[in-house]
Amino acid sequence: DAEDRVPQPTVKFAVHDLSLHASDFSNARDAKSTVALKARVGRQGRLAYDGALATNPFAIAGRVDASGLDLVALRSYIESQVDVSLTAGTLAAKGNVSLGGSPMKAAWKGNVTVADFAALDKPTASDLARWKRLALEGMDVATEPLRVSIGRIGIEDFYARTIVYQDGTLNFTRLLVKDTDTRPQPEREALPVTLGRIELARGNVNFSDFFVRPNYTANLTDVTGSITTMSAEKAGDVAIAARVNDNAPVEVSGRIHPFAKSLTLDIAAKARDIDLPQLTPYSVKYAGYGIEKGKLSLDVHYVVENRKLSADNRLVLDQLTFNPQRVDSATATKLPVLLAVALLKDARGVIDIDLPISGSLDDPQFSVGGLIVRVIVNLIAKAATAPFALLSAAFGKGEELSVVPFAPGSAALDEEARKRIETLGKALAQRPGLKLDIGGRVDAEADREALRRASVDTALKREKLKSLAADGNAPASVDAVQIGADERTRWLTAAYAGSSIQDRPRNAIGMLKEVPPADMEAMLLAQAKVGDEDLRLLANARAQSVKDALMAKGIAGDRLFLTVARLEPGAAKAPRVDLALR
């Protein structure tokens with residue numbers, strides 16, 4: 001039976017079936033012994049240690065294998081470091097640990113799993129976090145100096161309460177270190193933390209954003225997704241999907257850099273079919289009317305850099321209906337809200353608006369009334385502009401629809417290009433008065449290199465086609481020939497041998513010498529010539545691909561005009577087709 005009375009309350013735990021083997025044991029100064037320890041800890045815990053032990057001064061360095069350790073029994077150690085109340089959880093760990101030195105230094109390399117965990121926010125005694133399983137893999141953690149590196153974090157069946165406060169800080173950040181000073185801390189050193197891929201499965205996140213005005217709260221369910229490696233030097237890529245209250249789908253993507261000296265992020269989020277009546281408290285406070293019915297879909301894009309926030313918000317409100325009885329509210333706008341709604345709704349009862357906002361993390365200031373006026377003015381201005389502006393307002397794809405991307409060296413439509421053409425085709429079908437100019441473009445450097453490599457690949461396929469034809473198994477065309485990685489060297493050698501490359505290495509009797517595959521490919525690439533005319537043909541082929549795809553969607557050919565190809569000399573441009581409405 002063991003007690004540690006240093007933390008409060010005292011930590012108590014029982015050790016059973018203790019087995020200890022030690023050799024060369026001594027308490028002499030700097031003496032080291034070898035220890036093998038096994039024991040049951042608590043009711044279900046298992047603990048094993050195999051490694052070095054020194055007592056004068058104390059130090060250990062060895063292998064640990066633990067499972068089923070009750071975290072609640074160790075809550076005093078945890079709660080002294082974070083402002084939470086631990087109510088459940090078991091720990092498993094396997095790896096190498098070291099502890100010793102003056103001042104005391106600790107290090108851990110290995111894996112840790114925390115299962116069936118639950119914790120409360122101590123100040124409010126409310127649920128803070130819980131999960132079925134949390135796996136921390138490839139850990140490399142040390143103190144003095146602090147270093148935290150985790151290769152992979154996987155969490156399943158979890159709940160978390162997340163809050164963004166008025167100063168832009170997260171509640172979890174505040175909980176990490178007990179500190180009564182909650183004022184903004186604009187300047188800090190970069191954190192020595194590296195987190196590998198984070199994987200989320202079957203989660204529930206109750207999220208509140210007190211930074212945005214008005215505040216936003218959502219209960220996200222079915223949370224799944226991932227975040228790639230994050231460190232002081234590297235931002236992580238975010239790709240998360242969820243639902244609002246088990247219903248409206250949400251997608252979050254972008255980049256976040258939380259461990260840098262100053263927080264930066266570039267995050268986009270999409271949500272669909274959020275029921276609006278639940279937002280009545282906000283609509284009463286800021287608009288002066290309650291909401292009877294309606295649904296909200298949104299696309300938002302948040303960028304934080306140099307403690308400045310800029311955000312683009314596209315909101316689509318379907319069948320928004322206010323209660324006609326106005327409610328007195330000192331904070332409500334004095335603008336004619338019902339008239340504004342009538343102006344914004346289209347014939348199908350849909351409001352499609354853009355709300356750009358910006359501000360400082362230290363002193364956020366947003367004018368809801370000003371935003372509403374700007375939205376109304378902008379929409380009226382759009383109604384008086386060219387048809388392309390109306391297309392942008394109706395489909396929210398203005399800049400995206402103006403460009404169709406292509407892979408270097410290719411005129412084939414990929415999935416992203418087909419998605420854009422699908423949207424554009426629908427838009428043109430609903431706007432029969434519009435005509436479209438289609439101009440193929442190339443990146444002279446990237447496309448030239450891709451065409452050269454494609455020429456070499458074609459040479460390999462032709463050699464294989466010859467062989468297949470001799471066996472009577474040839475496909476219809478060289479494009480249908482497939483070359484696997486395991487046979488590439490064979491056909492590379494054949495293409496090299498059959499080429500007209502001058503100055504190929506030969507032996508004394510004039511036979512071609514064997515050369516490494518990389519050298520053969522380099523000589524074939526050097527021989528492949530791609531001129532401006534080849535690039536112009538590629539640009540025209542891209543434009544024709546887009547035109548053909550739109551005609552396949554039912555758009556008449558007399559509305560689609562191919563323009564002269566541009567080779568884009570000088571500054572590199574992405575391989576693409578540019579579109580222009582008229």
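Is Lys419 buried, partly exposed or exposed, and what is its relative accessible area? Lys419 is partly exposed, at 48%, where buried stands for under 20% relative accessible area, exposed for over 50%, and partly exposed for the range in between (1.4 Å probe, protein chains only). The model is predicted, so local features need pLDDT of at least 70 and side-chain atom pairs count only at pLDDT 80 or more, while totals for chains, interfaces and linings use all residues. Residues are numbered from 1 along each chain as its sequence is written, and side-chain values use heavy atoms, with hydrogens and water left out.

Lys419 forms a salt bridge with Glu415, their closest N and O atoms being 3.7 Å apart; the term denotes a side-chain nitrogen of Lys or Arg within 4 Å of a carboxyl oxygen of Asp or Glu. Both residues lie in helix 8 (residues 415-430), four residues apart, about one turn of the helix. Helices (H or I, at least four residues) and strands (E, at least two) are DSSP runs numbered from the N terminus. Glu415 counts as exposed, at 57% relative accessibility.

Side chains of opposite charge can pair when their charged atoms come close. The whole structure contains 27 salt bridges. One of them joins Arg255 to Asp237, with 2.4 Å between the closest N and O atoms. This pair links distant parts of the chain, since Arg255 belongs to strand 14 (residues 248-257) and Asp237 to strand 13 (residues 236-244), 18 residues apart. Arg255 is partly exposed at 40%, and Asp237 is partly exposed at 33%. Elsewhere, Glu137, Arg152, Arg197 and Glu199 are linked in a network of salt bridges.

Lys435 lies in the loop between helix 8 and strand 21. Although Lys435 and Phe561 are 126 residues apart in sequence, their C-alpha atoms are 7.8 Å apart in space. The open sheet is formed by four strands in the order 20-23-21-22, with mixed pairing; strands pair if DSSP finds at least two bridges between them. Strand 20 (403-405) and strand 22 (560-562) are the edge strands, each pairing on one side only. Strands 21 and 22 run parallel and are joined by three bridges, and Ile438 stands opposite Leu562 in strand 22.

Helix 12 (residues 532-552) packs on this sheet, touching strands 20, 21, 22 and 23 (576-581), and its direction makes about 145° with that of strand 21. Here contact means heavy atoms within 4.5 Å, and axes are lines fitted to C-alpha atoms, for helices over the stretch in contact, with angles from 0 to 180 degrees between N-to-C directions.

Arg441 is located in strand 21 (residues 436-441) and counts as buried, at 10% relative accessibility. Its side chain makes a polar contact with that of Asp578 (3.4 Å).

Technical notes: Polar contact = N/O pair within 3.5 Å; in protein donor to acceptor, adjacent residues only side chain to side chain.
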